[in-house]
Amino acid sequence: MIWIFLAIHVIVTLITSVVIILFGVRPTRSLSWLLIVFILPFLGVILYILFGINRRKFKFYELKETSKRKLYEQIDANEETTNNKLTFKSINKQRLATLIEKTTHFPVKEGNSLQLLENSKNAYQVIFDNLKKAEKYIHLQYYIFEDGEILNTLCNILETKLNEGIEVRLIYDAFGSYHVKKTHLNKLKLKGAKVYPVMPLKYGSFLFTMNYRNHRKAIIIDGTTGFAGGMNISDRYIKAKDSLGIWKDMHLQLNGPIVNSLHRVFIKDYYFASGEKLLVSKSHLPKQINTGNVNVQLVAGGPDSKHLSILQQYLMLINVAQKSIYITNPYFIPNQALLEATKMAALSGVDVRVLVPKKTDSSIATHSMFANFEELLAAGVKIYLEDTFSHSKVIIVDNEVASVGSGNFDHRSFEHNFETNILIYDKETSNKLIKLFLENSKKCTKLNLKEFKNRSLFDKLKEGSARFFSPLL
């Protein structure tokens, strides 16, 4: 019996290894998966099937899961990319804007206003107040809907608006919102709301959808007001539910032409989840009026994209920096290209600062982050550890350009998740975000290279082991 077991293990491992070698995207990731497959008998193979297979290489995944999304890839693309096209005087800003437009089809939009919502409790209140003012429709999409006070309040408001005749469309990630009780959502459906899970976990498609999640967080109200950022619908942002305490996050309220860009992403995702085509109309994509003087560009990335938009955005931001780079991210696990770019920026004299939580909701993610700290510190990167858990995904470059959104600095956000970042070309907003960064960093522990090198051998072993599992993160 043991020999049969070993024979099956060897055959399965060899077949999986051949698949990894033939269809692996990058050598470093392929090597990590090979190690996982060999170190963890059978479990490694299962993990690779669920999380590692590069399904972009397989035609059946293209046909079944992403072809219908491509129908909405460029809704009114000509109008979106030709009207009032902005050109920056700064070569670096123009390079960044051109890259994002070519990879996501979203140009820079002039004439916007935005509000930073750094206090989660206040952010929910602002969102709720705006939802109550809806006159035509409310469109929402979130990675996590979690039972609790926030969800109860949200659903009560949506029920009231439905009774007033307001259209409500809601999509949620089937995996991220797996534990939510469907009572509230079913009640909304009975009232007339259109509610759909994105990539439901069901027999027949589980293997092809499990690894690809919709991590976006967005609300569009009447086509004129939008909300986006890193915050989910959860009580974790207003009360402590575990040792991580109350989560902090950065969210945005958006008004102006950028709302149409944000809405186009929702429309594509909604079509993918529901199959309904009714949203492409002037009533849902109204002609926008200028509400301010902020230039904003939407960055949307996902496994259906031709390019790794979120990765390319972060790489370009780091590469064009001349003075400073301030990064706040809960999962700072850069791939080799980002790691080298960050080190090069610091070595060339750019003030590079990274603020991360001391502890995250994933021990593997925490140890994977710490695995890169020694070489980053040696290159001159300043690293701050925060006692509280910040879920914000923010990067500010040269006090002039900032990004706020849902994209983490990890493989999952770069390659597997549908993400949305808001790229802000505005000095005033950048300065506000830098001020918040500096205030937060004063409450943090600043790592010292000499002291960090003296951490225990056990910690180093945990970090080295976690590094092998970074492709899962």
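Q: At 28% relative accessibility, what does Asn-399 count as?
A: This is a predicted model, in which local features need pLDDT of at least 70, side-chain atom pairs count only at pLDDT 80 or more, and totals for chains, interfaces and linings use all residues. Residues are numbered from 1 along each chain as its sequence is written, and side-chain values use heavy atoms, with hydrogens and water left out. Buried means under 20% relative accessible area, exposed means over 50%, and partly exposed lies in between, with a 1.4 Å probe and protein chains only. Because the relative accessibility of Asn-399 is 28%, this residue counts as partly exposed.

Q: Near what value is the phi of Asn-399?
A: Asn-399 is found in the loop between β12 (394–397) and β13 (401–405), where strands (E, at least two residues) and helices (H or I, at least four) are DSSP runs numbered from the N terminus. Most residues other than glycine have a negative phi. Asn-399, although a residue other than glycine, has a positive phi, near 60 degrees.

Q: What is the relative accessible area of Asp-222, a residue in the loop between β5 and β6?
A: Asp-222 lies in the loop that joins β5 (218–221) to β6 (225–229), and although it is not a glycine, its phi is positive at about 55 degrees. The residue counts as buried because its relative accessible area is 12%.

Q: How far apart in space are Thr-224 and His-263, C-alpha to C-alpha?
A: Thr-224 is also found in the loop between β5 and β6, and it is partly exposed, with a relative accessible area of 39%. Leaving aside neighbours within four places in sequence, Thr-224 is in contact (heavy atoms within 4.5 Å) with Leu-254, Asn-255, Gly-256, Val-259 and Gln-288. His-263 is 39 residues from Thr-224 in sequence, while the distance between their C-alpha atoms is 9.5 Å.

Q: Which residue in β7 is the bridge partner of Leu-114?
A: Two strands pair if DSSP finds at least two bridges between them, and strand β1 (residues 109–117) pairs with strand β8 (residues 294–301) in the antiparallel sense over two bridges, with Lys-109 opposite Val-296 in β8. Strand β1 also runs antiparallel to strand β7 (residues 251–255), to which five bridges join it. In β7, the bridge partner of Leu-114 is Leu-254.

Q: Which residue of β3 is the bridge partner of Leu-140?
A: Strand β2 (residues 137–142) is mostly covered, with six of its six residues buried. Tyr-137, His-139 and Gln-141 point one way from β2, whereas Ile-138, Leu-140 and Tyr-142 point the other way. Between β2 and strand β3 (residues 167–173) there are six bridges in the parallel sense, and the partner of Leu-140 in β3 is Leu-170.

Q: How is α8 oriented relative to α9?
A: Helix α8 (residues 149–163) and helix α9 (residues 183–190) pack at an angle of about 5 degrees with their axes 10 Å apart, where axes are lines fitted to C-alpha atoms, for helices over the stretch in contact, and angles run from 0 to 180 degrees between N-to-C directions. Angles under 35 degrees count as roughly parallel, over 145 as roughly antiparallel, 65 to 115 as roughly perpendicular and the rest as oblique. The angle therefore makes the orientation of α8 to α9 roughly parallel.

Q: How many nonpolar residues are in the contact of α8 with α9?
A: On the α8 side, Leu-151, Asn-152, Cys-155, Leu-158, Glu-159 and Leu-162 meet His-184, Lys-187 and Leu-188 in α9. Ala, Val, Leu, Ile, Met, Phe, Trp, Tyr, Cys and Pro count as nonpolar, Asp, Glu, Lys and Arg as charged, and the others, Gly among them, as polar. The residues of this contact include two charged and two polar ones, and the nonpolar residues number five.

Q: How many disulfides does a search of the whole structure find?
A: Cys-155 is buried, with a relative accessible area of 1%, and Cys-444 is likewise buried, at 14%. A disulfide is a pair of cysteine sulfur atoms within 2.5 Å. The number of disulfides found in the whole structure is zero.

Q: What is the relative accessible area of Leu-339 in helix α13?
A: Leu-339 is found in helix α13 (residues 336–347), and, neighbours within four places in sequence aside, it is in contact with Pro-334, Asn-372, Glu-375 and Leu-376. Leu-339 is buried, and its relative accessible area is 3%.
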